[in-house]
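Hi everyone, thanks for coming.

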There are 2 protein chains.
Amino acid sequence: MKNLSLGIDLGGTKILGIVVDEKYKIISNDKVKTKYRLSPEEICRQMKGIADSALSNAGASWNDVKNIGIAVPASIDPATGDGLHAPALGWKDLPIKQTLEDVFGRKIFLENDVNCGTYAEFKLGAGKGFKNVVGYFVGTGLGGGVVIDGKLLRGTRGVAGELGHEVVKMDGRACGCGKNGCIEAYCSKTAFGKQFDKQIRKKKRSSIITKYYEGDFTRLKSKAFAKAFAAGDEVTMEILEDGFKALGIAASNIATILAPECIVLGGGVVEGVGEGVLPFFQKSFDENLFALKPGDIAIRLSKLGDDAVPLGAIFNAVAKGKI
Amino acid sequence: MKNLSLGIDLGGTKILGIVVDEKYKIISNDKVKTKYRLSPEEICRQMKGIADSALSNAGASWNDVKNIGIAVPASIDPATGDGLHAPALGWKDLPIKQTLEDVFGRKIFLENDVNCGTYAEFKLGAGKGFKNVVGYFVGTGLGGGVVIDGKLLRGTRGVAGELGHEVVKMDGRACGCGKNGCIEAYCSKTAFGKQFDKQIRKKKRSSIITKYYEGDFTRLKSKAFAKAFAAGDEVTMEILEDGFKALGIAASNIATILAPECIVLGGGVVEGVGEGVLPFFQKSFDENLFALKPGDIAIRLSKLGDDAVPLGAIFNAVAKGKI
């Protein structure tokens, strides 16, 4: 085998590695839980381990690897191609590129994880065929990315596309980032968890989601939302409705500011619950459009699942950090 | 004279025409009140009249004119280069390009007025030297424009950059557009006028601004704000503080989404009051940044005044509608 590319998604909970051929077809993958208590150097070695085993699963060797792209939960400074800070991992202002290149013994390209996910959906997934695509990924937090005219928008210090921290309600709910009224405080697993806590623990309402409760509603897994929603659980429906209505307004702001051709919704909760979230989202999105008609902007569920992020990292590596 | 360009700003209250040389130096101008009760055809002839007199003031003739750019208070569809709707003039879905070309007997290029203003500030004014610039223009309404990588962002159906209709407060104040919580409902002359009405007429507070009252606070001129602010009028200070604090949050959203290098503040109120609005704006902007430090994004007052819009229209005509 030759001209393979390796993509790694370093997440707060897991590390996923994939190997693709020249046509971006996935040949193999492997994943492991992120040992986030380890030092950055040790996590880099964990990533190397996943890369080794993904290559081995593909029956390939390092000699076959042409490009290495790594996606991290951090802003990447376009000036240096290096990380700025990664709150999900507790890293702050930590350069990591050199450590990674030392561990891998190769040139690597870093990019923000949700930027990678958005770009991959634009190239191969739900946003394929459009030139201007915005992605929202509803997970523990709310991530996003912006592709304009076929290029990833990086902005000053590489922080463009931090869509979870757009304020949709001045003086609104406290967000984990310290601001008030960010959309992440309305539409993310963390936000939903707080609402479950309020409804179930404080208001004593009953909900099937308690089957999946492990001492902290804000740590509910996406599957729990999916199962409770599928069962028609009233509290779950209400909470997701409120959250995705708010996301519809945030996305209508994106429509008003950028008027992209397509908005992709993804992330664990969206992939788990599936099309069920769309009516909530679409109604408030349509009602809050300005100078656009419903349907002018395509709303699509993500298609690439967990592969989106490492695939985007590969696209970035192939383009030498210039997607 | 040769290779002159003509730029016209068709506004809801006035029509401004300018003539520039090849280096975009303004040679002459003329303006007239918009007779908005006239038919679109008659307004096109009014525009031709201003063009004639601006040229005559320059001692030039139509043979000297190489490019004609016209800025209108309307979305321009990039597919056709024609207008979609112009609420400020009461026009809806009215093609106007052909009428203008018939009246002028020449090829003309149309573009949205605040898009033109933002682009001109980017090329020659407060945003010069940056590649990614966003403009806010506080007038009767709140307009905006987005320049990314040196190009005007038009988006689907040309409606990108409608920054006044970004929702900053879900379920917030009613906006003239029919939505709730748009930033225009917090920071525009119309919004300020409603607050003056509340404070003065309903709460019986006294304010120097009543000197400029002509039966409707929402029709106060920018000069009235400037004079009342300069006099240290308490009600005026409070209202502008609230408005520009809200605008700071809206602009911090732009920073979070696009992370431009520079945000330009302009429009009648900003130009009238001047630097006095900056502290209100800057404080809430800085407090609501995400992953950026105060100073990472330059905040500048507009430099080109009324000339920004027709200058931008000229840049667009020179680039054959492709700025």
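How are α3(B) and α9(B) oriented relative to each other? Hold that thought for a second while I do the housekeeping. What you're looking at is a predicted model, where local features need pLDDT of at least 70, side-chain atom pairs count only at pLDDT 80 or more, and totals for chains, interfaces and linings use all residues. Residues are numbered from 1 along each chain as its sequence is written, while chains are lettered from A and ligands numbered from 1 in the order in which they are written.

Okay, back to the question. α3(B) and α9(B) are roughly perpendicular to each other. Angles of 65 to 115 degrees get that label, while under 35 is roughly parallel, over 145 is roughly antiparallel, and the rest is oblique. Here helix α3 (residues 113-124) of chain B and helix α9 (residues 308-318) of chain B cross at roughly 85 degrees, and their axes come within 7 Å. Axes are lines fitted to C-alpha atoms, for helices over the stretch in contact, and the angles run from 0 to 180 degrees between N-to-C directions. Helices themselves are DSSP runs (H or I, at least four residues), as are strands (E, at least two), numbered from the N terminus.

Who is touching whom? On the α3(B) side the contact residues include B:Tyr119 and B:Leu124, and on the α9(B) side they include B:Leu311 and B:Phe315. Being in contact means that the C-beta atoms, placed from the backbone, lie within 7 Å. The residues of this contact of α3(B) with α9(B) split into nine nonpolar, four polar and three charged. For those classes, Ala, Val, Leu, Ile, Met, Phe, Trp, Tyr, Cys and Pro count as nonpolar, Asp, Glu, Lys and Arg as charged, and the others, Gly among them, as polar.

Next pair, still in chain B. Helix α4 (residues 189-202) of chain B packs against helix α6 (residues 234-258) of chain B at about 140 degrees, with the axes 10 Å apart. That makes α4(B) oblique to α6(B). From α4(B), residues including B:Phe192 and B:Phe196 meet B:Val235, B:Ile239 and B:Gly243 in α6(B). By class, that contact of α4(B) with α6(B) has six nonpolar, three polar and no charged residues.

One more pair: helix α1 (residues 40-57) of chain B and helix α2 (residues 97-104) of chain B pack at about 45 degrees, axes 9 Å apart. So α1(B) is oblique to α2(B), and their crossing is right-handed.

Now zoom out to domains. Chain A is divided into domain 1 (4-118 + 307-318) and domain 2 (127-303), with bounds from an automatic or database domain assignment. The C-alpha centres of these two domains of chain A lie 26 Å apart. Where they touch, 11 residues of domain 1 of chain A are in contact with 17 residues of domain 2 of chain A. α3(A) gives the most to the domain 1 side, with four residues.

Last up, the two chains. A rotation of 180 degrees with 0.0 Å of shift along its axis superposes chain A on chain B (RMSD 0.0 Å). The two copies are thus related as by a two-fold rotation axis. Superposing is done by least squares on the C-alpha atoms of residues with pLDDT of at least 70 in both. In chain A, A:Lys169 comes closest to that axis, at 2.0 Å (C-alpha).

The contact takes 37 residues from chain A and 37 residues from chain B. On the side of chain A that touches chain B, α6(A) has the largest share, seven residues. That side divides into 20 nonpolar, 10 polar and seven charged. And 100% of the interface residues of chain A are also interface residues in chain B, so the copies meet through the same surface.

Definitions and conventions: Two residues are in contact if their C-beta atoms, placed from the backbone, lie within 7 Å. A crossing is left-handed if the near helix is turned anticlockwise from the far one by less than a right angle, and right-handed if clockwise.
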